[in-house]
Amino acid sequence: METARVLVAADKFKGSLTAVQVAERVTAGLRRVVPQVQVETLPVADGGDGTVAAAVAAGFERREAQVTGPRGETVTAAYALRGTTAVVEMAEASGLQHLPAGVFAPLTATTYGSGELLAAALDAGARTIVFGVGGSATTDGGAGMLAALGARFLDADGKPVGPGGGGLAELAAADLTGLDPRLADVDLILASDVDNPLTGPKGAPAVYGRQKGATEDDIATLDAALTRYASVLGPDHARLPGAGAAGGIGYGALVALGARFRPGIEVMLDVLGFAPALARATLVITGEGSLDEQTLHGKAPAGVAAAARAAGLEVVAVCGRLALPPEALGRAGIRRAYALTDLEPDPAVCMAQAGQLLERVAEGIARDFLSGAEPLSS
């Protein structure tokens, strides 16, 4: 029998394992049952938090910069560089992880540091920038980012408006003439799994504001402020897919930086070299912490499965929690999913012991798909 060649291309298990750790644990479990199995690991991400780590695992160089955090404090943010291609993750500068537990700033949190991080990539010689957006603490439409890159946002008295989405309620004029001229020569790709518009019932404040601490009154304030912001910069872009990503930073990138939107997982699979890795595989293992309805709408496992199915390869998935029926998995191109909760029903224990449980799950995959026996029925 030909030696199996497994490609492990999974996202993180949020709160318990990084994508790199998921790959390591799956590999260990497979080899415990089939020692001779060839395993190639390609940790993946969909543009949200963990995107830089996935790029570094694929051979990019990790770079760091001191930038402004969402509350105005200095934070250390990383980006990834290979040649003239950079992977910049806005959450590294402006993400929820920079807020103290239980402390939010829905009206004042700024994306200024994301602009500084883009500038650092430009300083390093980047000419193609994959800008992964997600996991933000902000709802400022990218105004902070643009200000860091040279734009000015002024009130009726000609003074700069305050930070965050709340400050945009006073916006009277925008001056983009001071934007960093290097941006004109850069291919900026907005990589996101979110296709929401900027405002309205499906806009950034209404859909994502609550997870950033916004009250119902805050959401109304932010929606009105972003509507005003878009009326000054250009309302047409506000309706484009991805404009509402990461508190509207997608809109700022689209309207002022010439960015082009692409689904995050598609971009990242290209950047990480997924196609050649797929060509070497006989089985693909993907996954993430929770396989649910959201997975089917642009998350990493769905993107991996779609590409693998197009190449005629079988795909199985690992997850902490499974909330999809077999039919939905099948439509997504996933033959079978293995959940940690099948082994340990207590979610708290599951997260605490995720590594060991994932190795046991991988042993099951090896027995079912790699030991020479027919795969078990779903």
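1. α8 and α10 are roughly parallel to each other, because angles under 35 degrees count as roughly parallel, over 145 as roughly antiparallel, 65 to 115 as roughly perpendicular and the rest as oblique. They pack at an angle of about 5°, and their axes lie 11 Å apart. Axes here are lines fitted to C-alpha atoms, for helices over the stretch in contact, and angles run from 0 to 180 degrees between N-to-C directions. Helices (H or I, at least four residues) are DSSP runs, numbered from the N terminus.

2. This is a predicted model: local features need pLDDT of at least 70, side-chain atom pairs count only at pLDDT 80 or more, and totals for chains, interfaces and linings use all residues. Residues are numbered from 1 along each chain as its sequence is written, and side-chain values use heavy atoms, with hydrogens and water left out.

3. Which residues meet where α8 and α10 pack? From α8 come Tyr229, Ala230 and Leu233; from α10 come Tyr251, Gly252 and Val255. Contact means heavy atoms within 4.5 Å.

4. Buried residues of α8 include Asp218, Ile219, Leu222 and Tyr229. Buried means under 20% relative accessible area, exposed over 50%, partly exposed in between (1.4 Å probe, protein chains only). Seen down the axis of α8, the buried residues fall within an arc of 140°, so they line one face of the helix. The arc is that of the directions from the helix axis to the C-beta atoms. On the other side of α8, Glu216, Asp217 and Ser231 are exposed. Just after the helix, glycine 234 has a positive phi of about 145°.

5. The largest nonpolar core has 54 residues, and Ile129, Phe131, Tyr229 and Leu257 have the most contacts inside it. Helix α10 (residues 245-256) gives the largest share of this core, eight residues. A second, separate core of 41 residues includes Ile265, Met268, Ala317 and Ala328. A nonpolar core is a set of buried Ala, Val, Leu, Ile, Met, Phe, Trp, Tyr and Cys residues joined through side-chain atoms within 4.5 Å.

6. Threonine 51 sits in helix α2 (residues 51-57). Is threonine 51 buried or exposed? Threonine 51 is buried, with a relative accessible area of 0%. Not counting residues up to four places away in sequence, threonine 51 touches Ala45, Asp46, Val87, Glu89 and Met268.

Conventions. Helices (H or I, at least four residues) and strands (E, at least two) are DSSP runs, numbered from the N terminus.
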